[in-house]
Amino acid sequence: MSHRPPSRLPGRRAVLRGSLAASAALALPSAGGAVAPAFALSGRPRAGWGVQAGDVTAHSGLVWVRADRPARMIVETSATESFRRVTRRPGPLLGPGTDFTGTTRLRGLPPGEQIHYRVLLADPDDPRRTGEPVTGTFRTAPEGRRADVRFLWSGDIAGQGWGINPDRGGNRVYADMRALDPDFFLCSGDTIYADGPILPSVTLPDGRVWRNVMTEEKSKVAETLAEFRGAFRYNLLDDHTRRFNAQVPTVTQWDDHEVHNNWYPGQILDDARYTEKRTDVLAARSLRAFGEYFPVSTLPPGDADGRVYRVLRHGPLLDVFVLDMRTYRDANSPNRQADNATGILGAEQLRWLKRELSRSRAVWKVIASDMPLGLVVPDGATHFEAVAQGDPGAPLGRELQIAELLRHIKHRRITGTLWLTADVHYTSAQHYEPSRAAFQDFEPFWEFVSGPLTAGGFPAVKLDGTFGPRQVFVKAPARANTSPAETPPYFGEVAIDGDSGELTVRLRQEGGDVLFSTTLQPGRVGQ
């Protein structure tokens, strides 16, 4: 998303002398995990940053934790909340090489069951000394067709200067999402704003004051590995987020703000706030921290090659195809090339996506895109950030890859596809129809947008007519960068009925109110 950098910040020393220490203490994890591992600590290891589960399938899942010192991770699982009978699974040794984070893969789990787990941290020198266990739970994917599936999606967290506000009780939208008890949460990118420092307070247009919990790492742009780690750690200071993570497993992707606004490979930044201007260097540091702070099955240590794009199979009803529209793209440009093999996905990822969609036997195939297809997202006055460029004619530039993919879906008769995204900081529903389009060799499909979770709201952008979108619903603020106190956070819900196979999409806002809803029928190439 193309947003202007925030206004000039006060010096870091002034911030740290002021509200930094006090406001950070306001939201530090209650279990004591906020103490920096670099300090000498007494007692037993603690896991004050909570637990997370991620990339859960019918028989496996990843469990994440962060320790306050070197510790051995141990995970115990049980069929009951009482943990009367447990299966113990040894995990990695947590140390400074991963910022004291670690994941343990759980294998051999029963399908369609509630799994209760607890993480213990053991003293490496005395395994009998373990800290207080931290508990979590998740449901494995079903193997039977008749089990309902429900998941949520959104993105855009702690952006545009809007951090954790203790006066609002923190990020309350996570409590609203947790109350729906989804099978998982799809985080559609911009999981942090590495390029967006936050101020101790911001005065709103109506005179109210927004206060932010502050940390040292969030007082400047992230350049070093330690600063990226601190940016990812910041969101875990929120109580609601930690409770949500303990109950709802995640499927997480990334976008631009994990590194820098609108970045692309090979870019040299023209941003005076940075001393390291090579985005490839910044991206490598961010991806390492991203993999340390989210349980992602295709990143180290689970996958030595390391990539964000992947497919998560959630039983007979659902496959989720997680894209990476950032790492392999071409440079942002006027986006009008007549031939573009690299595009927004890169050639290899496009081949992978076509292959995996063709292999999928799931009733529904959700394409989790970190950027929209037919919404025109500019990058400056002449360049474009996403797929579309505003020319309603035949596909050009990055649109060529999407045209190839849509043609493949039609001619291979791939049923039940829909697209989910966030990125543009409002919520909307678009229906794409060949009869309205310049390019017509595809079947109709839907794209749903929902976000931000805890970032600035922005006005709606224009539609590009190449693929014939019609905006059925949109809710967006009239001005740029409205706070979450002015424009409510947005998230989406997908519910699949196990008996009929029908898929219902609901666009929601903070408080749980449904803004828009539509139901799609299974077994169709086009919707």
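Which residue stands opposite glycine 102 in β5? I found valine 65 opposite glycine 102.

I noted that this is a predicted model, where local features need pLDDT of at least 70, side-chain atom pairs count only at pLDDT 80 or more, and totals for chains, interfaces and linings use all residues. Residues are numbered from 1 along each chain as its sequence is written, and side-chain values use heavy atoms, with hydrogens and water left out.

Entry on β2. I took strands (E, at least two residues) as DSSP runs, numbered from the N terminus. Two strands count as paired if DSSP finds at least two bridges between them. β2 and strand β5 (residues 101–106) pair in the antiparallel sense over six bridges. On β1 (residues 51–54), I found four bridges to β2, also antiparallel, with glycine 54 opposite leucine 62. The hairpin of β1 and β2 has six residues between the strands, and aspartate 55 there takes a positive phi near 50 degrees.

Entry on burial. I used buried for under 20% relative accessible area (1.4 Å probe, protein chains only). Six of the six residues of β2 (residues 61–66) are buried, so the strand is largely enclosed by the rest of the structure. Gly61, Val63 and Val65 point one way, and Leu62, Trp64 and Arg66 the other.

Entry on a second region. I traced an open sheet of seven strands with mixed pairing, in the order β14-β15-β16-β19-β21-β20-β22. β14 (310–313) and β22 (469–475) stand at its edges with a single partner strand each, so one side of each lacks a neighbour in the sheet. Within this order, β16 (residues 364–368) and β19 (residues 417–421) run parallel, joined by four bridges; alanine 368 has leucine 420 as its bridge partner.

Note on methods. Buried means under 20% relative accessible area, exposed over 50%, partly exposed in between (1.4 Å probe, protein chains only).
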